[in-house]
Amino acid sequence: MTAETRPPRGFDFFAAGELAAPDLPADEVAALLREHWGLDVELHSLGSQQDQNFLAVQVLALPGSLSAKSPMGVVKITNPAFTATELAAQDAAASRIASRTPSLRIATTTTDAAGAPRSMVADTSAGPLSIRLIAFLGGGTLHGSAYLSPHAVARLGELAARTSLALADFEHEGLDRVLQWDPRFADRVVDLLAPHHPDAARRERVTDAAASAWATIAALAGDLPIQAVHLDLTDDNVVRSVGAGPDTGGRGLPDGLIDFGDVSRSWAVAELAITISSVLHHAGAEPVSVLPAIRAFHALRPLSPAEVAAIWPLVVVRGAVLVVSGEHQVQLDGGGNAYAADGIEREWRIFEQAVSVPSEVMTAVIAADLGVELPAPAPATGAFGVNLPDFDAAAAVRFDVSPESDAVDAGAWLDPELEERLALDALDAGASAAWIERATPRLTESRVRSAEPSATIPTGVDLWFADPQVLEIVETRGAGVRIVVDVAPPSTPDQPIVDGLPARTRIRIRLERADGAAVPHLVRPEYANGWLALTLDPAPLLGLAASAGQSSNGEAETDDALLARRTASLAEVQEHYYEAPPRIERGWREHLVGVDGRAYLDMVNNVTPLGHGHVGVADAVSRQLRRLNTNSRFHYGAVVEYAERLAALAPDPLDTVFLVNSGSEAADLAIRVALAATGRRDVVAILEAYHGWTYASDAVSTSVADNPNALATRPDWVHGVDAPNPFRGVHRGADAARYAPEAVERIARLAADGRPPAAFIAETFFGNAGGIPLPDGYLAEVYAAVRATGGLAIADEVQAGFGRLGHWFWGFEQQGVVPDLIAVAKAAGNGYPLGAVITTREIAARFRSQGYFFSSTGGSPASSVAGLAVLDAFRDEGLQRNALEVGTRLKHRLEELATRHPLIGAVHGLGLYLGVEFVRDRATLEPATAETAAICDRLLELGVVMQPTGDHQNVLKTKPPLCLDDDSADFFVAMLDRVLSEGW
């Protein structure tokens, strides 16, 4: 008799019969703890599938008749079916992991003052029962359905790997047991318990899926190493760190491990499979959500090809076992086991997610992600092919509707008829056929305002024939290939091979592995590696060129190499949004598009007020570039017209324009003009503000979010005044009226000290802090004070200007003032390099003392016509009115969110210049910095581009293109609501 077939020394699930959990009264357990260990504690019931657990809380006396409660451990009453040897193995395994992984917290059995373990076999009302007091680990588990971030999922994989490594050489006779959770026995467990499932339809799905997955596992079993395993390293059995690091979303990452009740010997890879299975019931989780855990596990404890091939079938059988076991336990306990009953739908969701993608697809996805090469499927043999006797392949035209194709410009990709029209145009031009290749993303299939990525990757080719075709299929049995031909629209779903193909109608052809799952014609990019591994490229069979979207070995091309090149070639400080940024190569209106065809709602891009891909700007610049582009010292009409029209938008007496390249240059130049005009060197600036990166604009930038050393490195000619923030500044609410007098006093003191300021510079709407209006009358008082000393007032309108506030074209209009100099950029060119300083003729003339001025591309013919096209669009497209109407509705909806989500401390701003500020406490206003970063990452997953702003990085920078419509605004609010409800 082999070790695998002999009866186990310990518990045997199949011989044990019913396994009802212990159910001792809490007062009886408390009395036992007092009697045996001298502990006087409160007990609070905890859930368990087959044991009974209590949280033991010690009441501590404090001075002044006060008291405090402190958790001291978990009382575990083990099911009497388990032997003392098995319990000893559990304690030994916990101690082994604790000693070998000191960075992790491990829930071991506590000891008394003499060092004796608090473990006993007590005589109870239910007979002799083993009772232990296990160490309590603070921080909380991942229990529940809240969203798990990729960082949290990766940490689960890391914990599983470290546990596996610690137990790799662990031996104990208490490991010799047969548990229903051991996947080595999953087929027997499902066979035994499935008949108890009350839902016939669910029962059949579970048994069919388990049988299919087990067949794969059985074929791999001989190559799967066996060792000691925790066997229950799930979301319920890991504990978060008490401190919240920068990548934790304010909630801590798992760093502790509890509940060693299932320690046993099994396949090593089962540790990982069980862990990732527990991720699948969480909000937003799907099969690819577990990849960070698999990646983290593999980095520490490399997986063999056989283990990679076994992972997903093991996840499927784990889901099946959970479903049948949960239903069986509920029936066994007569409905009294709330823990088991609450898990029924959770376990069903795990199973549903596990089977939502065929195992062979997920296996290929995992292998590609890890770079593990699996054994290739048996090559196709025999004769197979597609013959079109009347088809001239040499005259066929391939057309491209990928995100980088010119054919989808200017929003054409949103036209549902675009592919058909492009194909028919090619046929009308004399092509024998028009076709779209396999594996290249189709932007035409992308959906805007979608929380889920679209299916944009074709697994076969699409063709339109100029003339009717006779189709001859050459396909012998045993070839290992299934040829699928669909006429779109098909006469029946998944129409089989047809004899004749009509002209000018879409035909879809796929080559699928005969032994694989049926393959959709379009699949999501996240799963493309898996589905494409089940197909071959049919193009060569038709006499067409091989599809370029796949490399020769069938692996999807990624953008990791491009990101690596960026990192290697750009300066390190020139950062990018997001830790793992999508590659964006296209935009249209308020949407950005990744190269995989995923469309994102752009809620942060105030560089392009007209929206991305604006045809008017593009055409004007393109036309001008074909004619002339040079610097503004040449004489041409566009620069004159643009300067006139821009000056006309400013109030009197501002009538003269300097043209530059950017907002930084505009702020810098405005300061230099003020210095020259006044003959002074001192400037007063608001703290927590950002004005640019050039020398002068950086000097007056005091935001520590943009430069952590901003305050310590200011030159002595810059004098800061408190940020007039009525929400979280030094003066709040009604007290915000004190900001202006204090700034006035500072200006007067400088003048009295013989250093009267040349200028006061401020954003006219406090944008860097999240779109906060300045207190009423603030600029009027401060402008008057600086002018009284002979200085000038500079309005930084780089962000607030050009109609973003809706009510006014310029931000300073909200304050009822007129500055001496206006610095503007961003919106001026809709992303084309263009900025300006607008001032009076007299002030501009004083700059002559500095010599002459020009900017090579500021005011060039191309930038001038770009600026004119922007002004035309503002005039013709009602963008300022749209900012007011959509922005007002958006703010009201965000304020409604704040009534339901305490994390929202305030909603700031006007028009489409808004900020959603997150705080951990509305009384203390503690910034929710880590949460804000995590919320932005989660929003990206749901199709929204958003970034934090402010010195505390706790405000959502809500400054979208001004063409934002109500549907997009509603989508943003819905996704933010979802994140705040489900977690981040």
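Visitor: Is L133 buried or exposed, and what is its relative accessible area?

Guide: L133 is buried, at a relative accessible area of 0%. Buried means under 20%, exposed means over 50%, and partly exposed lies in between, with a 1.4 Å probe and protein chains only.

Some ground rules come next. This is a predicted model, where local features need pLDDT of at least 70, side-chain atom pairs count only at pLDDT 80 or more, and totals for chains, interfaces and linings use all residues. Residues are numbered from 1 along each chain as its sequence is written, and side-chain values use heavy atoms, with hydrogens and water left out.

Back to the residue. L133 sits in strand β6, residues 127-135. Strands are DSSP runs of E with at least two residues, and helices are runs of H or I with at least four, both numbered from the N terminus. Contact means heavy atoms within 4.5 Å. Neighbours within four places in sequence aside, L133 touches W37, L39, A56, M72, G73, V74, V75, T109, T110 and R118. L912 is another matter: 779 residues separate it from L133 in sequence, and their C-alpha atoms are 57 Å apart.

Now compare N954. It lies in the loop between β36 (948-949) and β37 (955-958). N954 is also buried, at 2% relative accessibility. Its side chain makes a polar contact of 3.3 Å with that of E917. Such a contact is a pair of N or O atoms within 3.5 Å; within protein, one must be able to donate a hydrogen and the other to accept it, and residues adjacent in sequence count only if both atoms are side-chain atoms. Sequence neighbours within four places aside, the contacts of N954 include R728, F918, P927 and T949.

C936 is buried at 2%, and C963 is buried at 5%. The disulfide count is zero, taking a disulfide as two cysteine sulfur atoms within 2.5 Å.

Finally, the whole. The protein has 26 helices and 37 strands. Its C-alpha trace spans about 105 × 100 × 45 Å along the principal axes. Of its 984 residues, 55% are buried. Among contacts with a separation of 6 or more, 75% link residues 24 or more positions apart. So L133, at 0%, belongs to the buried group.
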